[in-house]
Amino acid sequence: MLEIKDLVKSYGDGQPVLKGLNFSTGDKKLTAVIGSSGAGKSTMLRCINRLVTADSGEILLDGVDMLKLRGKELQYARRKIGMIFQAYNLVDRLTVMENVLSGRLGYVPFLKGALRKFPQEDIDRAYQLLKRVGLSQYVNKRSDELSGGERQRVGVARALMQNPQILLADEPTASLDPKTSERIMELIARLTDELHLPVLINLHNVAQAKHYAARIVGLRDGVMVFDGKPDELTDEHLELIYTGKDELNEQLHPEGESEE
Ligand SMILES: Nc1ncnc2c1ncn2[C@@H]1O[C@H](COP(=O)(O)OP(=O)(O)O)[C@@H](O)[C@H]1O
Ligand SMILES: [Mg+2]
């Protein structure tokens, strides 16, 4: 169960990028986060797994506030959160197997020498996952010899290797051609459904969000302006999510209702 309460995040001395976000999900289903570039989608995911530190608010994962954790506790908690990146974030000079095994450690810098320490059951599990993402034949290949789609399959297997309680994906298909992009979305949707994992996925492709997600959240200038089922997302909502600031203010504070 993930609960975000009044989350505020700014970078440096700038204006807040997230302006008091509230969101919760306990459902083992796929939630898509949509919104223009700069809306704060990546920042929201990075706050959840503490790749950046929020200014204020709470991020409760099974009741534990991620924002209050330090050191080993934080490291442990982060392992419960799988992460899939747009740019795959694989270690190029390592093999596919090594990259997947590194998921066991969470997303921390990984040294080749550490590989020896993995127990056989981890190696067996990595094989299983590589089979499930369709890469059995590439186990010992170097990651930089793979295509983009194959790299992202490694990214998916690595995230699942953590045995996460929730999976976050930041535009996982944005660097891929349309056909490969669909395949990766299908893979993420199928595997997370089989594993009963809640998934929070940033997508710039609204059609994909509507097709694969059970729930869609619309982010706009650091504020959530839509939260509903795909078939509840109308063209008006999309305008609200994607168009100019003035229009948004008008939508949020219609004439006569402004808080003066
Ligand atoms: N590391 C950073 N330092 C300073 N500003 C940042 C940083 N990361 C993101 N921002 C700013 O925060 C805002 C939201 O960015 P981001 O979360 O990446 O949005 P999205 O993923 O929706 O495109 C943007 O204005 C962006 O320029
Ligand atoms: Mg982003």
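Which residues in helix 5 and helix 6 meet? A few notes on this predicted model, starting there.

1. On the helix 5 side, the residues are Gly 149, Gln 152, Arg 153, Val 156 and Leu 160. They meet Thr 180, Arg 183, Ile 184, Leu 187, Ile 188 and Leu 191 in helix 6. Sorted by class, that contact has six nonpolar, three polar and two charged residues.

2. Now the geometry of that pair. Helix 6 covers residues 178-194, and its axis sits 10 Å from that of helix 5, at an angle of about 15°. Angles under 35 degrees count as roughly parallel, so helix 5 and helix 6 are roughly parallel to each other. The crossing of helix 5 past helix 6 is right-handed.

3. Helix 5 (residues 148-161) also packs with helix 4 (residues 120-132): their axes come within 9 Å and cross at roughly 140°. That makes helix 4 oblique to helix 5. Here too, the crossing is right-handed.

4. Over to ligand 1. The residues around it include Ser 36, Ser 37, Gly 38, Ala 39, Gly 40, Lys 41, Ser 42 and Thr 43, with Tyr 11, Val 17 and Arg 46 also on the list.

5. Some distances to look at: a backbone N or O atom of Gly 38 is 2.7 Å from an oxygen atom of ligand 1, and a polar side-chain atom of Lys 41 is 2.8 Å from an oxygen atom of the ligand. Tyr 11 has a polar side-chain atom 3.5 Å from a nitrogen atom of ligand 1.

Terms used
Residues are numbered from 1 along each chain as its sequence is written. Chains are lettered from A and ligands numbered from 1 in the order in which they are written. This is a predicted model: local features need pLDDT of at least 70, side-chain atom pairs count only at pLDDT 80 or more; totals for chains, interfaces and linings use all residues. Side-chain values use heavy atoms; hydrogens and water are left out. Axes are lines fitted to C-alpha atoms, for helices over the stretch in contact, and angles run from 0 to 180 degrees between N-to-C directions. Helices (H or I, at least four residues) and strands (E, at least two) are DSSP runs, numbered from the N terminus. Angles under 35 degrees count as roughly parallel, over 145 as roughly antiparallel, 65 to 115 as roughly perpendicular and the rest as oblique. A crossing is left-handed if the near helix is turned anticlockwise from the far one by less than a right angle, and right-handed if clockwise. A residue is near a molecule or strand if one of its heavy atoms lies within 4 Å of it. A polar contact is a pair of N or O atoms within 3.5 Å; within protein, one must be able to donate a hydrogen and the other to accept it, and residues adjacent in sequence count only if both atoms are side-chain atoms. Contact means heavy atoms within 4.5 Å. Ala, Val, Leu, Ile, Met, Phe, Trp, Tyr, Cys and Pro count as nonpolar, Asp, Glu, Lys and Arg as charged, and the others, Gly among them, as polar.
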